[in-house]
Amino acid sequence: MMSKRIVLTILVAVSFLMSGNAQEYLTGFNGGIPQQESLKLRDEVTATLPFFDDFTNEGVYPDASRWQNGNVSVSSGFPKMPVNFRAATLDVLDKYGKVYSRGSSNPFYADSLLSVKIRLDSVDGHALTPADSLYFSFYYQPGGFGDSPEHNDSLVLQFGYGYDEVVFDTVLQNYVTLRKTAWKQMWASDGMEFETFIDSLDENQYFKKVMIPITDTCFFKEDFRVLFFNYGTLPTQMYPNDRSNVDQWSIDFVYLDMNRSKDNDNYLTVNFTHNSPSFLKRYRTMPYKHYRENPINEINNIFDMYLTNMDVNAHEVRYSCDVEDNNSDWSYSYSSNPFIINQYSNVGVMRDSVVMGNFIYPYNLPGDTTSFTIRHTIEVVDEHSGEVAGDVLEHQQVFGNYFSYDDGTPEKGYGLVPSDTYFAVQFKVTTLDTLRGVRMLFNRTFNDANYNFFDIVVWRDNNGKPGSEIYSLKNQRPIWNDSVMYAFSEYSFDKVVKVNSVFYVGIRQHYSKSINIGFDSSLDSRQYNFYDVGAGWKNSSFSGSIMLRPIMGKNPDLVVNTGDSDNGKIVLYPNPANDVVRISGNDQMDYREIVIFDLAGRVVKQAFNCNEMDVNDLKNGVYMLQVVKDNGAHETTKLLISK
């Protein structure tokens with residue numbers, strides 16, 4: 001069982017701005033009832049009972065078979081200690097990561113999550129009534145690893161139902177019957193600090209359950225709908241670079257069914273709740289070249305897995321882990337002894353410490369890049385094993401051509417005040433290498449207020465802090481992708497920079513406001529983050545990872561172009577892919593040819609005059625995808641397949 005939670009409060013440094021002091025600055029990753037005409041109701045998809053979603057679907061958007069709109073994001077980054085892996089998060093961003101144009105310093109209608117039609121008129125020929133004991137339930141959490149909503153913000157739940165209205169059609173000159181949707185508000189919560197919220201919950205619980213009986217006969221129709229939406233508030237215009245993603249609410253385990261009871265409700269599942277841990281001590285991703293130079297020092301074979309038992313009974317379970325090389329027949333397996341996992345309603349999230357003492361990734365594989373599929377499994381092994389479902393959590397460990405501390409989701413934004421200040425991230429190579437550029441993820445702000453100039457700087461080490469400057473790439477600006485959420489942008493250096501042992505990559509801010517670079521607050525690499533606001537280099541005071549990834553190596557074909565830029569580089573989405581991969585660039589064209597190579601250089605797939613390709617038949621692993629334009633120019637990037 002987990003020990004009593006320790007709450008770490010991160011204070012947004014507005015007070016430093018007000019007093020005029022220089023300091024680090026951490027922000028969020030950026031009224032009235034919503035107009036119903038803005039909700040585009042799709043009628044072609046209908047769900048039946050039971051209606052359930054735990055948001056474990058792949059991708060960053062909700063499952064289209066259950067939900068109509070895709071502005072809400074789905075991730076494992078924002079929820080803290082969730083009831084299962086991943087949750088849906090409402091905030092103030094649209095589906096592409098842009099702050100809503102209706103954003104305001106007063107509470108405004110922000111995100112929404114709208115279900116498809118749900119049949120509540122009948123089930124299998126049985127006409128539903130309030131006597132069938134229908135309940136709608138969900139779990140929610142304000143803030144989490146993101147920004148806590150203010151008191152004037154809120155999360156709202158409404159139920160919708162269809163009704164007929166007779167109106168006069170001026171074209172037909174006759175009365176016609178139109179099907180419309182009426183809405184009733186069923187529940188709402190004011191915004192609050194995350195720490196205040198969890199203090200109101202039971203030990204080791206970080207989400208609160210809401211359970212609503214459906215008793216009003218108006219809801220028992222063939223076109224019942226569920227609508228979540230939130231009110232958000234942007235910081236005042238005094239702080240334009242902070243008007244970014246704020247006021248997060250995460251929801252999970254949405255469940256609607258009959259024959260339920262408020263006091264006796266359970267889900268026959270045992271779940272993983274957290275992202276797969278890295279099997280590397282320091283990084284989430286690193287070049288294979290640097291791993292194999294000192295594999296014993298780099299490997300992490302002691303880690304924690306977090307679990308929940310959503311049933312009303314305790315269960316005996318067994319944890320296992322399987323690791324497979326995606327490019328060879330190498331594999332590794334581990335299985336624990338059975339142990340008891342108690343009910344979430346009693347103990348909340350449970351931590352299982354795993355020691356895989358003899359595990360190590362192979363260090364004699366050819367090439368500079370490789371990847372492994374890591375599959376965690378929790379299996380119920382007691383007499384109820386046929387009734388209670390276990391869980392599988394899969395992760396791709398990539399050894400690419402870059403270093404990263406983050407997991408790709410920016411829960412907050414990072415920067416400094418005032419102008420002419422520096423921040424840097426420490427990296428360590430095990431042998432001499434070349435630094436070719438850097439990938440960074442910048443948050444969108446309201447009206448792109450952080451579209452300011454900065455310099456990218458590389459430093460030598462000076463006793464554990466940045467020392468003399470090696471290189472700088474001057475007068476850069478944030479680059480965003482208007483069609484892909486959470487896309488890294490690549491900044492190529494105009495010369496190759498040689499690095500050995502410890503080095504630092506970071507930014508000099510030209511302006512007095514935060515640059516709002518992505519900040520992964522769910523993974524803490526604070527010890528490697530440094531800043532200098534004029535009084536010398538200091539270690540960061542914020543827990544998390546600055547989303548900055550140095551690109552290493554001599555072969556430019558190994559560079560992964562994961563963000564769009566003004567030189568027409570391509571973007572793959574989704575990446576990793578499992579069935580179809582789509583290719584986009586600034587020109588948004590069909591390409592003369594698309595070719596996929598394996599890491600040995602063999603052509604494995606080819607297509608012509610298109611901008612997408614079916615990859616369902618490819619095995620898990622790392623591939624290179626090349627597009628050829630009509631003029632013969634070509635771009636190459638890395639493609640990950642994960643199923």
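A salt bridge is a side-chain nitrogen of Lys or Arg within 4 Å of a carboxyl oxygen of Asp or Glu. The legends below describe close-up views of a predicted model.

**Figure 1. Salt bridge between K98 and D482.** The side chains of K98 and D482 meet with an N to O distance of 3.7 Å. The two residues belong to distant parts of the chain, 384 residues apart: K98 is in the loop between β5 (87-90) and β6 (108-114), and D482 is in the loop between β28 (466-476) and β29. K98 is partly exposed, its relative accessible area being 29%. D482 is also partly exposed, at 47% relative accessibility. Both residues take part in a network of salt bridges that links K98, R444, D448 and D482. The protein has 22 salt bridges by this rule.

**Figure 2. Salt bridge between D455 and R508.** The closest N and O atoms of D455 and R508 are 3.2 Å apart. The pair links distant parts of the chain, with D455 in strand β27 (residues 454-461) and R508 in strand β30, 53 residues apart. D455 has a relative accessible area of 4% and is therefore buried. For R508 the value is 23%, which makes this residue partly exposed.

**Figure 3. Salt bridge between D53 and R66.** The N to O distance between the side chains of D53 and R66 is 4.0 Å. D53 is buried, with 2% relative accessibility. R66 is partly exposed, with a relative accessible area of 26%.

**Figure 4. Strand β10 and its two partners.** Strand β10 covers residues 134-142, and nine of its nine residues are buried, so the strand is largely enclosed by the rest of the structure. Strand β13 (residues 208-214) runs antiparallel to β10 and is joined to it by seven bridges. Within this pairing, L134 stands opposite I214 of β13. Strand β15 (residues 249-257) is likewise antiparallel to β10, with seven bridges between them. Here Y139 has D252 in β15 as its bridge partner. Strands of a sheet pair through backbone hydrogen bonds, either parallel or antiparallel.

**Figure 5. Open sheet of three strands.** The strand order is β16-β17-β21, and the pairing is antiparallel. β16 (270-272) and β21 (350-355) are the edge strands, each pairing on one side only. On average, neighbouring strands of this sheet are turned by 35 degrees against each other, direction ignored. Three bridges connect β16 to strand β17 (residues 302-309) in the antiparallel sense. V270 stands opposite N309 of β17.

**Figure 6. Nonpolar surface patch.** V166, F168 and Y175 form a nonpolar patch on the surface, and together they have about 340 Å² of accessible area. V166 is located in strand β11 (residues 154-169). With a relative accessible area of 56%, V166 is exposed. For the protein, the accessible surface is about 26,200 Å², and 46% of this belongs to carbon and sulfur atoms.

Figure 7. The bond from L49 to P50 is cis, with omega near 0 degrees. P50 sits in the loop between β2 (46-47) and β3 (51-53). N575 and P576 are also joined by a cis peptide bond, with omega about 15 degrees. The loop that holds P576 runs between β36 (571-573) and β37 (580-584).

Figure 8. D420 is not a glycine, yet its phi is positive at about 55 degrees. D420 is in the loop between β24 (412-417) and β25 (421-428), and its 43% relative accessibility makes it partly exposed. S501, also a residue other than glycine, has a positive phi near 60 degrees. S501 is in the loop between β29 (489-499) and β30 (502-509), where it is partly exposed with a relative accessible area of 35%.

Key. Residues numbered from 1 in each chain as written. Predicted model: local features only at pLDDT ≥ 70, side-chain atom pairs only at ≥ 80, totals over all residues. Heavy atoms only, no water. Patch = residues over 30% accessible without salt bridge, like charges linked within 9 Å, V, L, I, M, F, W, Y side chains within 5 Å. Areas by Shrake-Rupley, 256 points an atom, 1.4 Å probe, with all protein chains shown as cover. Helix = DSSP H or I, 4+ residues; strand = E, 2+ residues; numbered from the N terminus. Buried < 20%, exposed > 50% of the residue type's maximum accessible area, 1.4 Å probe, protein only. Pairing = 2+ DSSP bridges. Axes fitted to C-alpha atoms, helices over the stretch in contact; angles between N-to-C directions.
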